[in-house]
Amino acid sequence: MYHIVPVAPGEQQTAGGTGGSPLKKKLAREGRPLVMAGMLGCVLVLAAVVAWCYYSASLRKARLLKAELLDLNKDGFIIHNQTGAVIFSMSFRSGTLDLDSCSKEGNILSCTQSDSGKLNFFIQTVQTKDTVMCYRVRWEELQNKHSVEHAMAYNDSHWYGGAETATQYWPIRMQGEKEPQPFITSDVYLNRNAFGGILERYWLSSNATAIKINDSVPFHLGWSEKDRTLRFQARYQDSPFRPPEGQQALPELSYRVCVGSDVTSIHKYMVRRYFPKPIKVPSPEVFKQPLWSTWALHKTAVTQEKLLRYASDITKHGFTCSHLELDDRYTADYGEFDFDPQKFPNASGMFDKLREDGFQVSLWTHPFINYDSINFGVAVEKGLFVREPSGELPALVRWWNGIGGILDFTNPDAREWYSSHLSMIKTRYDVTSFKFGGGETSYLPRQFSTLVPLSDPSTFTRYYTEMAIPFSERAELRVGYQSQDISCFFRIIDRDSVWGYELGLKSIIPTVLTISILGYQFVLPDMIGGNAYPNRTAGGLNGKNVLPDRELYIRWLELSAFMPAMQFSIPPWAYDNEVVQIAQKFTELHETLVAPRVLELAGEVLKTGDPIIRPLWWIANVDEAAYKIDSQFLIGDDLMVAPVLEPGKQERDIYLPAGRWKSYKGEHFDKGPMYLTDYPVDLDEIAFFTRVY
C-alpha cells in the first residue's frame, strides 16, 4: 500500500521549480554516500584491473626471462637442475640490464640496453643431447669502452681447471682478493702470483657444470675469497689484449655454460666438443724408461766430460735410459746452434761414444737470441724478432739468462730459420729431439708488434709449441695454450726441492690433474727430487753439491714411478746403495706395471681426450669425499695410487671409493667407500690398489 505524505500549506510542488521539497533534499543528502561508494567502487575495480594487467605483464615478463632451467634478471642469471636446486650463478658486476629492452624469440633471450647504454646481450639455449644443456652467453658493449665483468659464484661446489699455478690446489682454492689480471701464459717459477705456462679458459664444477670462455674475449681473471666468486672480465684498457684490426676497442664477454648429469660426463662432453686432440702417441720408450737430464745435477756448468761420466754412471748402476737430456748451457752464447768448443772440445766424438754405449741425446733450446750472440745481427737484418709497437725496431726483452730478442713465430721466415737450425744440429750430431724451454707470453714486451697481429697474446705460445711438431716423438714443452693437438710431452714447470704445495712435492698431483683436465695428457712431472736450487731445497750440502732431503727424494721417486713418464737428474747414487736399490725397484715397477697401462690409455687419448691420470671423482661422482682428495689419483679407472707426501711418515689415511679393491700387499676390500686410517707404508713402498671386477 502506498503511504501518502501530506503537503504543508504554501509548499505547492511544481515541476521544474527552483525550490526543493524537504523530501527531495533529504533523499539527496542520503544518496551522497551511495554515490561516493559507487565512485570508490569504480576506482577500486579500475585499480584491480590495472593491477591485474600489471601482474599479467609481470608474469609474461617473468616467463619471457626464463629459458630451460635458467632465470635471468637485471643483475645476473641462475641455472637450476631438474630438482630445482641452483647449480650455477653468474652476477653482472659492470652493469645491470634494462629488462624493458629484453625480448625472447625462440631459444634466444636478448636485451639491447643496460644502465650504461646500448649493448648486444643474449643467452641462447642449446640442448645438444638428452643429458646436456648448454647456454651461450654474450655481453657486448656498444658504447662503453671500459670493461665488462661477470662474477661466477662457487655455489658450495668444487671447481677445477684454469691454469697451472705456483701454489697448486685441487680443487681450486682462491686465496684473498685478486683484481682481474690478464689470463695469459707466464713463467710461474719466476713470478709466483701469475698464471702458468699451461692454461685454458675452461673450468669444471662438481655440480656437473662447465664453463668455457670464448677465444675472442680479451680475458682477465680475478677472484674474491670473501664473496667466493671467480671474476671474469673483458677489457682492452691497460691490457696486453688488442681488438682485431679494424675494430673498435669495445669489450665483449662471451662464454658457454654447459650442464650435465654428472661431472665426469659433462667433462667428457666438453673435451670432445671444444679441445683438439693429439694425432699420435709420442715415443713408447719415454713412457717405459726414464729420461736423464743434466740440469739439476750440473746446471750451466755441464761439460763434455761431465756428460760422458753421467752416462757411464747410469749404465754402471744398472739403470735404463730412454734418452739423455743435455740442458743449459752447451753453446758459447744464447741463440747459437753449435757446441761451445771450450766445454765440448770434441762434440762429434762425444756423440759417437754415447751412441756406441746405447744412449740417445736431446738438446735444450729456447726462443731467445742474446744481443752478444753472433746470430743477433743476423736476426735483426732478416727481421726475425718480435718488434716494438711501431714495428720499426726489434724489441729487447729480459729473460732468465740475459737480454736479447725473441723470435717472432708468427713470421714464416723466423719459423723457417729456427727450424732449419734445429734440423741442422739434429742431423749433424744425430740428436734425437729437443727440450723446448720458454714460450710464455710473459717474456714478450708489454707493448709489441708481430708480423701477424695477436689479439690474444697467448696465441704466441701456440705458435711456439708448433715448432716442436717435427721433433714430437721425444720433444718436450713446458707451455701450452690451445696446444692439446701437439703430440709431444708437456712438462710441468720446475719444482723446488721441498715438501709443500708451492712448487713442492705436494703440488705435483694437483698440477698433473689440473693440466690433464685442460686436455694435456702426455705429462712429464719434472725431475725427481726437484731442481736442487741452494735457497729452495729441503736438505743440505753433500760435498760441493746441494742435495734434496733423502726422504723427500725417495717419496718423490715413488710418486714419479706412477706418472706417465719418469725423469731423473739428481742420480740415486748421489745418496747411498739403499736409495739406488729403491730407484731400481721403482723404475722396474714403472716399466712393467705402469707403462703398459699408460700406453693403452695414451692410445685412447687420440679418440676421446680422456685423462690418463684421473681424479678419484672420475669413478665416484656422487661421492662428496672424492671431490676434495688431492693426494691420491687414478691411472685409468682401475689403478688407484696413494703416495706418502709428508716428512717422517710411514703411514697415511687412504680413501677407497665404492667397489672392490685389492692392495699391493694382496689385501681385499669389498665394502667401499671407506677410509683406511694410518695405513702402513714403509719408506721403500707406495700404496696402490687395483679395482677388482
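1. Thr125 belongs to strand S7, residues 117–129. Thr125 counts as buried because its relative accessibility is 6%; the classes are buried under 20% relative accessible area, exposed over 50% and partly exposed in between, with a 1.4 Å probe and protein chains only. Strands (E, at least two residues) and helices (H or I, at least four) are DSSP runs numbered from the N terminus.

2. A word on the basis of all this: the model is predicted, so local features need pLDDT of at least 70 and side-chain atom pairs count only at pLDDT 80 or more, while totals for chains, interfaces and linings use all residues. Residues are numbered from 1 along each chain as its sequence is written, and side-chain values use heavy atoms, with hydrogens and water left out.

3. Lys607 sits in helix H12, residues 577–608. Lys607 counts as exposed because its relative accessibility is 64%. From Lys607 to Ser507 there are 100 residues in sequence and 29 Å in space, C-alpha to C-alpha.

4. The UniProt record (unreviewed entry) places "domain: Glycoside hydrolase family 31 TIM barrel" at residues 298–442 and 505–593; such annotations may be inferred rather than shown by experiment, feature names are shortened, and positions follow the numbering used here. The span 298–442 is 35% helix and 16% strand, and its end C-alpha atoms lie 27 Å apart.

5. Now for the cavities. A cavity is a set of points on a 1 Å grid over the protein atoms alone where a 1.4 Å probe fits but cannot get out, and lining residues have an atom within 4 Å of a point. By this rule there are 2 cavities of 30 Å³ or more. Volume is the space filled by probe spheres set on the points, which are joined across faces, edges and corners.

6. The largest cavity has a volume of about 140 Å³. It is lined by 18 residues, of which Tyr330, Glu336, Trp364, Thr365 and His366 are the closest to its centre. Helix H8 (412–429) is one of the elements that each supply at least two lining residues, and H8 gives the most, with 3.

7. The second largest cavity holds about 50 Å³ of space. Among the residues lining the second largest cavity are Pro278, Gln484, Tyr520 and Val605.

Methods
1 Å grid on protein atoms, 1.4 Å probe; cavity = no way out; pocket = protein on both sides within 12 Å on 5 of 7 lines; lining within 4 Å.
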